[in-house]
Amino acid sequence: MVTKFVQVLFLIIFSQTSFALEPITGSEQKSYGTKQQQDYWLVLGAIQRISGAVKPEAEVRLSAKTTHWLWEIPVGHTSEESFEVLKKQLNKKATTLFQCQGRGCGLSNDFANQIFNQSILYGRDSDQFYWVGLTDEKRPSVWVVYTSARSAKRVYAYVEQVVLNKGEIDKLDGFVQKGQAQTLFDQGYIVMNQLGDDARLRDAQVEWIKDLLIENPNKRFALVVHRYGGMENQQLIERTQKEADALIEQVAKAGGFIKNLYAHGAGAVMPRVLMSDRIELVELKK
């Protein structure tokens, strides 16, 4: 009995304190759970009904550890407001893979019952919002945010964290490349990788940068390396400059046209809120 109580207490504490993402103040958590899945269904396009079957415009099956949170939002807040509060917390460190709203997503009933298996999410099609993003950390994670409003004006917010098993991120390369360009030009930069000891781009990232340079011959970009600890700031700047130079060389050796691609070691000089050691690709404005 004591053991079971401790397990339940740990679960409650974990769900409330170890996760930085917060819904609108006063929201009531209705559900929380985590599990390993070998065939997780990630929807990356609007849902259609073909011969009665649910068929997204784009989808991927993934092997991952998933965690979900479901909240009921306080009365007086809209589905859109709830969505923006959650998405904003992730948007700065995630690449958007897909986003839709309202009837452009498909049927709310399908998201609630077929995709998420959370019938409480079924609401008006016009009041649903859906976003999928990717954070490329030591263990890359897909984040899913969905909000809806029921006819009784009850608003619900649902979030999934999908921690990808080794090699699974490769299945998302096509979606990542499309989403990265949009994110880059929307906010002026994009986080390519979180850093460990080494600063290096994956082969798929190098190919994407090569294509980006070809498709945007009149734009200039910089690969910027940020590190924040372990040595004096001047040493950090020198280290990150060498790492940034090596990234440019990595692109050049792969056949990239690097005339408009620059290297910058930022050390700890240019922090962004809630961001750690990382590689960024930055659009250089004229």
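## Leu44 and its surroundings

Leaving aside neighbours within four places in sequence, Leu44 is in contact (heavy atoms within 4.5 Å) with Ala58, Glu59, Val60, Leu97, Phe98, Val132, Leu172 and Phe175. This is a predicted model, in which local features need pLDDT of at least 70 and side-chain atom pairs count only at pLDDT 80 or more, while totals for chains, interfaces and linings use all residues. Residues are numbered from 1 along each chain as its sequence is written, and side-chain values use heavy atoms, with hydrogens and water left out.

## The nonpolar cores

Leu44 is also one of the residues with the most contacts inside the largest nonpolar core, together with Leu42, Phe116, Tyr130, Val142, Leu164 and Leu172. A nonpolar core is a set of buried Ala, Val, Leu, Ile, Met, Phe, Trp, Tyr and Cys residues joined through side-chain atoms within 4.5 Å, where buried means under 20% relative accessible area, exposed means over 50%, and partly exposed lies in between (1.4 Å probe, protein chains only). This core has 34 residues, and the elements that give two or more residues to it are β1, β4, β5 (95-101), α3 (108-115), β6 (129-135), β7 (141-149) and β8. Helices (H or I, at least four residues) and strands (E, at least two) are DSSP runs, numbered from the N terminus.

Apart from this core lies another, of 21 residues, among them Ala199, Phe221, Val225 and Leu281. In soluble globular proteins, nonpolar side chains tend to be buried together.

## Strand β4 and its two partners

Strand β4 (residues 59-73) is mostly covered, since 11 of its 15 residues are buried. Two strands pair if DSSP finds at least two bridges between them, and β4 is joined in this way to strand β1 (residues 28-43) by 13 bridges, the two running antiparallel. Within that pairing, Tyr32 stands opposite Trp69 in β4.

Strand β4 is also joined to strand β8 (residues 155-164), here by 10 bridges, and these two strands again run antiparallel. The bridge partner of Leu70 in β8 is Tyr158.

## The disulfide

The count comes to one disulfide, defined as a pair of cysteine sulfur atoms within 2.5 Å. It joins Cys100 to Cys105, with an S to S distance of 2.1 Å, and the link is right-handed, with 115° about the S-S bond. Both Cys100 and Cys105 are buried.

## Salt bridges

Salt bridges, in which a side-chain nitrogen of Lys or Arg is within 4 Å of a carboxyl oxygen of Asp or Glu, come to a count of 15. One of them is formed by Lys55 and Glu59, whose closest N and O atoms are 3.0 Å apart; Lys55 is partly exposed at 40% relative accessible area, and Glu59 is partly exposed at 29%. Another joins Arg124 and Asp127 (2.7 Å, N to O), where Arg124 is partly exposed at 31% and Asp127 is partly exposed at 21%.

Lys219 forms a salt bridge with Glu283, the closest N and O atoms being 3.1 Å apart. Because Lys219 lies in the loop between α5 (203-215) and β10 (220-226), and Glu283 lies in strand β12 (residues 278-284), the pair ties together parts that are 64 residues apart in sequence. Lys219 is partly exposed, with a relative accessible area of 30%, whereas Glu283 is buried, with a relative accessible area of 9%. Finally, Arg227, Arg239, Glu243 and Asp277 are linked in a network of salt bridges.
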